Amino acid sequence: MVILDQSFPNVITVVISSFSYQPRYTNCSLKIQQDESGHCSNVPRNLNMQKLQNRYLFPEISMREQAHLRKYPNEKIISLGIGDTTEPVPEVITSRMADFTSSLSTDKGYRGYGPEIGSKELRKAISKIIYGDMPIKESEIFISDGAQCDISRIQLLLGGEVTTAVQDPSFPAYVDSSVIIGRAGDIEEGTGKYQNIEYMKCLPENNFFPDLSTTPKTHVIFFCSPNNPTGHAASYQQLEQLVHFARKNGSIIVYDSAYSSYITDDSPKSIFEIPGAREVAIEVSSYSKFAGFTGIRLGWTVVPDTLLYANGFPVIHDYDRIVCTCFNGASRISQEGGLACLSPAGFEGLNSRINYYMENARILVQTFNSIGLTAYGGVNAPYVWVHFPGSSSWDVFAAILEDTHIITVPGCGFGPGGEEYIRFSAFGNRKSITEASTRLKNFFKRRNHCSSPEPCL
């Protein structure tokens with residue numbers, strides 16, 4: 001049941017008899033189990049795992065979606081939550097993958113293990129087509145099974161003794177993998193922050209870019225542009241500041257460009273557009289949102305051969321060792337699809353999908369503007385970041401789900417700076433997006449009793 005306190009129109013109270021909408025904390029929600037014999041091993045649990053604050057965000061949301069389905073089995077749930085692509089991969093791409101798969105059934109076409117760092121042909125194509133005139137060599141590109149996996153490999157590369165800064169809000173894997181590798185320290189009561197992580201505030205009041213004049217020096221800076229969840233793409237001038245800051249402090253930027261193909265203005269699509277970035281940055285990227293490969297799995301990481309440790313040793317050599325030790329290489333079938341994506345016909349098909357999702361984003365932004373809510377993003381990324389002043393983001397998530405049967409993502413799941421915000425994904429078919437728009441408009445209309453221009457949330 002949702003109760004709107006009319007004395008405080010920006011506040012929602014959610015009353016639940018049997019199901020809590022507050023974040024579930026691992027230590028209290030996961031029971032200690034033994035097998036039927038009562039046997040436990042003598043292996044102690046990794047203490048870093050015990051420091052994880054709660055369940056990983058997206059499985060938590062999926063769990064709540066399933067609980068809602070059990071409660072309302074006849075309702076149609078619309079997901080504007082987890083950013084999973086929905087539109088089919090263009091046939092020009094899948095047909096090439098299918099042909100390659102069929103060739104594996106022949107003596108001539110069969111292939112076994114490939115290079116751990118990826119096929120030379122695909123690395124060359126990414127260098128030429130994605131990076132163009134930027135000074136990125138084929139030998140500096142490592143093909144992978146996706147950006148999120150590469151983030152963890154980079155954490156393993158850098159180890160637990162370095163210091164870390166992250167955007168706040170940002171993709172939760174940066175923080176969680178820092179906790180697991182052992183560099184985050186303990187959680188601070190009340191703030192939700194880890195003691196040894198520097199949280200760089202990136203919200204509307206500072207144009208979604210940290211105040212670097214007050215940001216402490218750290219060894220590693222995780223930076224995502226366009227940002228997930230806010231949808232903000234850093235400008236050339238902002239990235240110039242970031243590169244200068246890293247060079248001055250001897251830091252390494254881990255730059256996540258997974259959404260760069262959605263940029264519609266003149267914002268840089270790669271950190272390597274900025275002079276000097278080759279000496280301070282690693283870039284991770286992905287086919288997931290660019291090509292709809294969320295289930296096919298393919299990505300890449302660029303480690304310039306000019307990026308050096310404090311002792312002058314090239315970082316690329318250690319990353320090559322990490323990849324060759326921990327990974328047997330991306331699927332040959334996926335890599336064949338990756339090559340097809342970079343063909344003229346493949347690019348044309350993918351651009352139509354990207355435009356489709358960005359039209360969805362435009363519809364969502366227009367929806368929130370029409371009901372008096374402040375919405376950010378939706379211009380350079382398929383996410384819309386909506387502000388609900390004075391409200392708990394988990395409570396807003398719960399109220400929207402209960403009333404409209406729409407899945408969203410609470411902003412606080414992306415860091416303390418995300419409190420009072422909700423992320424809406426534009427990944428979806430057009431019919432679902434337009435229906436979600438209608439449901440949301442009706443929801444806020446009911447809450448406002450048609451008497452106030454300001455939403456009650």
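This report walks through the fold of one protein chain, from its overall make-up to a few single residues.

## The model and its overall make-up

This is a predicted model: local features need pLDDT of at least 70, side-chain atom pairs count only at pLDDT 80 or more, and totals for chains, interfaces and linings use all residues. Residues are numbered from 1 along each chain as its sequence is written, and side-chain values use heavy atoms, with hydrogens and water left out.

The protein chain holds 14 helices and 15 strands. Both are DSSP runs, numbered from the N terminus: helices are H or I with at least four residues, strands are E with at least two. The chain has 457 residues, and 52% of them count as buried. Buried means under 20% relative accessible area, exposed means over 50%, and partly exposed lies in between (1.4 Å probe, protein chains only). Take the contacts (heavy atoms within 4.5 Å) between residues at least 6 apart in sequence: 74% of these join residues at least 24 apart.

Strands of a sheet pair through backbone hydrogen bonds, either parallel or antiparallel. Here, two strands count as paired if DSSP finds at least two bridges between them.

Two pairs show the parallel sense. S7 (residues 220-224) pairs with S8 (residues 252-256) over five bridges, and Val220 stands opposite Ile252. S5 (residues 164-168) pairs with S6, also over five bridges. There, Ala165 has Glu198 as its bridge partner.

## Helices around this sheet

Axes are lines fitted to C-alpha atoms, for helices over the stretch in contact, and angles run from 0 to 180 degrees between N-to-C directions. S5, helix H7 (residues 173-181) and S6 make a right-handed β-α-β unit. Right-handed means that, with the strands pointing away from the viewer, the path from the first strand over the helix to the second runs clockwise.

H7 also meets helix H6 (residues 147-158): their axes come within 10 Å and cross at roughly 35°. This crossing is right-handed. A crossing is right-handed if the near helix is turned clockwise from the far one by less than a right angle, and left-handed if anticlockwise. Among the residues in the contact are Ile151 and Leu156 of H6, and Tyr174 and Ile181 of H7.

## The four-stranded sheet

A second open sheet runs S11-S12-S15-S14, with antiparallel pairing. S11 (374-377) and S14 (409-410) stand at its edges, each with a single partner strand, so one side of each has no neighbour in the sheet. S11 and S12 (residues 383-387) pair over four bridges, with Gly377 opposite Val384.

Helix H13 (residues 393-404) lies across S14 and S15 (421-425), at about 50° to S15. Helix H3 (residues 57-71) crosses H13 at roughly 35°, and the axes come within 11 Å. This crossing is right-handed too. Leu57 and Ile61 are among the H3 residues in the contact, and Trp394 and Phe397 among those of H13.

## Residues worth a look

Most residues other than glycine have a negative phi, and most peptide bonds are trans. What kind of peptide bond joins Asp168 to Pro169? That bond is cis, with omega near 10°. Pro169 lies in the loop between S5 and H7. The bond from Ser225 to Pro226 is also cis, with omega near -5°. Asn207, in the loop between S6 and S7, has a positive phi near 55°. Asn207 is partly exposed, at 46% relative accessibility. Glu420 sits between S14 and S15, and its phi is near 80°.

Is Tyr259 buried or exposed? Tyr259 is buried, with a relative accessible area of 6%. Its place is in the loop between S8 and S9 (281-286). Leaving out residues up to four places away in sequence, Tyr259 touches Pro226, Asn228, Lys289, Asn380, Pro382 and Tyr383.
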